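Student: I have a new structure on my screen. Can you show me how to read its features one by one?

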Amino acid sequence: MLKRISIEFAHNFYQAYSNCCKPICRELGMTQTAFDILMFLANNTDYNTAKDIVELRGLKANLVSVNVDRLVREGYLVRRDFPGDRRKTSLICTEKAQPVIDRGRELQNSFFEKIFQDVDEASRENFYQVMRTVEHNLSTIMRAGT
């Protein structure tokens, strides 16, 4: 019988992360969504379009649009034409965004240290290996269309 991870796991993970982000977002006058977009773009440079953010980060298109516009207006992002496809626009983090990104990465590292507190290194490595295998299996299933 397959053991199930509780439905609350993903919810609790997101809520705990959001709670950790609140102070920095408040200090910067930035919404959680804007912060998430900025960190997504900084941490995933191969995925740099609004469509990527919607699909991979799971944010609603209208929220992405509004927050990207704000981040561009405030100088955290610039839009660049996508090479080879004039219908696409790349979103690039600016120099102004770097201090926010640096603090965000510190926050993310601290968050992961907190959630892995009391988990020994061997168990962490095993967890990461299992996640890589599951990710590979998911990709295989998606390619096969089954």
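Predicted model: local features only at pLDDT ≥ 70, side-chain atom pairs only at ≥ 80, totals over all residues.

Student: At what angle do helix α2 and helix α5 pack?

Tutor: Helix α2 (residues 32-43) and helix α5 (residues 98-115) pack at about 90 degrees, with axes 10 Å apart. Angles of 65 to 115 degrees count as roughly perpendicular, so α2 and α5 fall in that class. On the α2 side the contact uses F35, L38, M39, A42 and N43. On the α5 side it uses V100, I101, G104, R105 and Q108. Six of the contact residues are nonpolar, three are polar and one is charged.

Student: How do I read a salt bridge?

Tutor: Side chains of opposite charge can pair when their charged atoms come close. The cut-off here is a nitrogen-to-oxygen distance within 4 Å. The count comes to seven salt bridges.

Student: Which parts does the pair E27 and R103 tie together?

Tutor: The E27–R103 salt bridge has an N to O distance of 2.8 Å. E27 lies in helix α1 (residues 8-28) and R103 in helix α5, so the pair ties together parts 76 residues apart in sequence. E27 is exposed, at 55% relative accessible area. R103 is partly exposed, at 33%.

Student: What about E113 and R124?

Tutor: Their closest N and O atoms are 3.3 Å apart, in a salt bridge. E113 is in helix α5 and R124 in helix α6, so this pair joins parts eleven residues apart in sequence. E113 is partly exposed at 47%. R124 is buried at 12%.

Student: Where is D52, and which side chain of opposite charge is nearest to it?

Tutor: D52 sits in helix α3 (residues 50-57). D52 is buried but has no salt bridge. The nearest side chain of opposite charge is K88, 6.3 Å away. Leaving out residues up to four places away in sequence, D52 touches F40, D46, Y47 and R57.

Student: One last residue. Is D118 buried or exposed?

Tutor: D118 is exposed, at 76% relative accessibility. It lies in the loop between α5 and α6. Check its backbone too: D118 is not a glycine, yet its phi is positive, about 70 degrees.

Terms used: Residues numbered from 1 in each chain as written. Heavy atoms only, no water. Helix = DSSP H or I, 4+ residues; strand = E, 2+ residues; numbered from the N terminus. Buried < 20%, exposed > 50% of the residue type's maximum accessible area, 1.4 Å probe, protein only. Lys, Arg positive; Asp, Glu negative; His and termini not counted. Contact = heavy atoms within 4.5 Å. Axes fitted to C-alpha atoms, helices over the stretch in contact; angles between N-to-C directions. Parallel < 35°, antiparallel > 145°, perpendicular 65-115°, else oblique. Nonpolar A, V, L, I, M, F, W, Y, C, P; charged D, E, K, R; others polar.
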